[in-house]
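Take a slow look at the model below. Then follow the paragraphs with the structure at your side.

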Amino acid sequence: MNKKMIFRILIGLVVIGAIGAGVAYKMWTKPHPKAEDQKGIAITTVALAKEYGADEKAADAKYLNKVIEVTGIVGESEKNQDGGLMVVLQTEDPTAGVQCAMREKNITVSKGQNVTIKGFCSGNGITGVSLTDCVIK
Amino acid sequence: MKKIILAAAILAIASPSFAQKLMSRTAKISFNATTPKSPEKIEGVNNEVACILDAKTGDFVFQLQVKSFKFERELMQQHFNENYMESDKFPKSMFKGKITNFGDVNLAKDGTYKVTVSGDLTVHGVTKTVSVPGTITVKGGTATASAKLQIKLADYKVDVPSVVGDKVAKDAIITIDAALAQK
């Protein structure tokens, strides 16, 4: 092997290393996915709650971790301990609303307002179906 | 006279001094598995925890969606969901138990009460009985429940691959903070 060859191999290794480091850096710093960048499954809060009430496993297969767009009437809202807003949309069951944890803190909604909220479905719980990282459409 | 007694009876039934259930949809649970060797803090926060305390019996339930934990780094959040907690398979974690010394707590009187909560904790599909010390702070009609516990990830079959070794703690510290209100 002559010197030229060794030099080329070295350059090659450096380039591969740089690409690898670039890819790793990109993965490490990749942003959170945003609901508004994806097409959501449109559904009413009443229908969503009914599907989860009837068969949670089947509903999870359809909605869990997917972007959904729920339309419903604001029942109440609750501030969390870090100042974030949780908007609860009404369903037919007064004890189980569709809970939407909003991404932005300075959002205002009023009770009785009809809204469409887009977010990631995180499943069903004791106080209703949850959506996280939500935005108002 | 009869009317007064009747009215008093109705009043007594209709307005119990304390609603039976205290709840929150926005209780906060954070998860920390940082070690001195971690390249940066490994911490996730869930501000969407549902929590119900039965004000008569001291029955206490917490439930959270694993996917609602937020990490600063998306990659960490993704690994937490996909590799460690397998949140597609086990979307929820839950605690169902009781305040064992509920008799010491007076929800109608402002103060800080030391409590012990015992019950079943289900994480990653594995249920274990735990007993956790905590406090309940009552102030003007709201009760805030706080606790801190350490859980061994291996107990809940959460595998930390040997590649990351000492960069992820074997025992995670869980901090709970729930501001409960009458509903």
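The structure holds 18 salt bridges over all chains. A salt bridge is a side-chain nitrogen of Lys or Arg within 4 Å of a carboxyl oxygen of Asp or Glu. This is a predicted model, in which local features need pLDDT of at least 70 and side-chain atom pairs count only at pLDDT 80 or more, while totals for chains, interfaces and linings use all residues. Residues are numbered from 1 along each chain as its sequence is written, chains are lettered from A and ligands numbered from 1 in the order in which they are written, and side-chain values use heavy atoms, with hydrogens and water left out.

Start in chain B. B:Lys37 forms a salt bridge with B:Asp166, and their closest N and O atoms are 3.3 Å apart. This pair links distant parts of the chain, 129 residues apart. B:Lys37 sits in the loop between strand S1 (21-32) and strand S2 (43-54) of chain B. B:Asp166 sits in the loop between strand S8 (142-152) and strand S9 (171-182) of chain B. Helices (H or I, at least four residues) and strands (E, at least two) are DSSP runs, numbered from the N terminus.

How open are these two residues? B:Lys37 counts as exposed, because its relative accessibility is 54%. B:Asp166, at 39%, counts as partly exposed.

B:Thr35 lies in the loop between S1 and S2 of chain B. Is B:Thr35 buried or exposed? With a relative accessible area of 13%, B:Thr35 is buried. Its side chain reaches the backbone oxygen of B:Asp166 at 2.7 Å. Leaving aside neighbours within four places in sequence, B:Thr35 is in contact (heavy atoms within 4.5 Å) with B:Asp166, B:Lys167, B:Val168 and B:Ala169.

Two further bridges follow in chain B. The side chains of B:Lys70 and B:Glu48 meet in a salt bridge, 3.5 Å from N to O. B:Lys70 is in strand S4 (residues 70-71) and B:Glu48 in strand S2, 22 residues apart. B:Glu48 is buried at 10%, whereas B:Lys70 is partly exposed at 29%.

B:Lys67 and B:Asp88 also meet in a salt bridge, 3.3 Å from N to O. B:Lys67 is in the loop between strand S3 (59-65) and S4, and B:Asp88 in the loop between helix H2 (74-84) and strand S5 (92-99) of chain B. Here B:Lys67 is buried, at 8%. B:Asp88 is exposed, at 57%.

Now turn to chain A and its helix H3 (residues 56-63). Which residues of this helix are buried? They are A:Ala59, A:Asp60 and A:Tyr63. Seen down the axis of H3(A), the buried residues fall within an arc of 105°, so they line one face of the helix. The arc is that of the directions from the helix axis to the C-beta atoms. An α-helix has 3.6 residues a turn, so residues three or four places apart point the same way. On the other side of H3(A), A:Lys57 and A:Ala61 are exposed. The cover over the buried residues includes strand S1 (41-44), helix H2 (45-54), strand S2 (67-79) and strand S5 (114-125) of chain A. After H3(A) comes A:Asn65, whose phi is positive, near 65°.

Strand S5 of chain A also holds A:Gly119. A:Gly119 is buried, with a relative accessible area of 0%. Leaving aside neighbours within four places in sequence, its contacts include A:Ala35, A:Leu131 and A:Asp133.

B:His124, not a glycine, has a phi of about 55°. Where is B:His124 placed? B:His124 is in the loop between strand S6 (111-123) and strand S7 (126-139) of chain B. B:His124 is buried, with a relative accessible area of 7%.

Note on methods:
Buried means under 20% relative accessible area, exposed over 50%, partly exposed in between (1.4 Å probe, protein chains only). A polar contact is a pair of N or O atoms within 3.5 Å; within protein, one must be able to donate a hydrogen and the other to accept it, and residues adjacent in sequence count only if both atoms are side-chain atoms.
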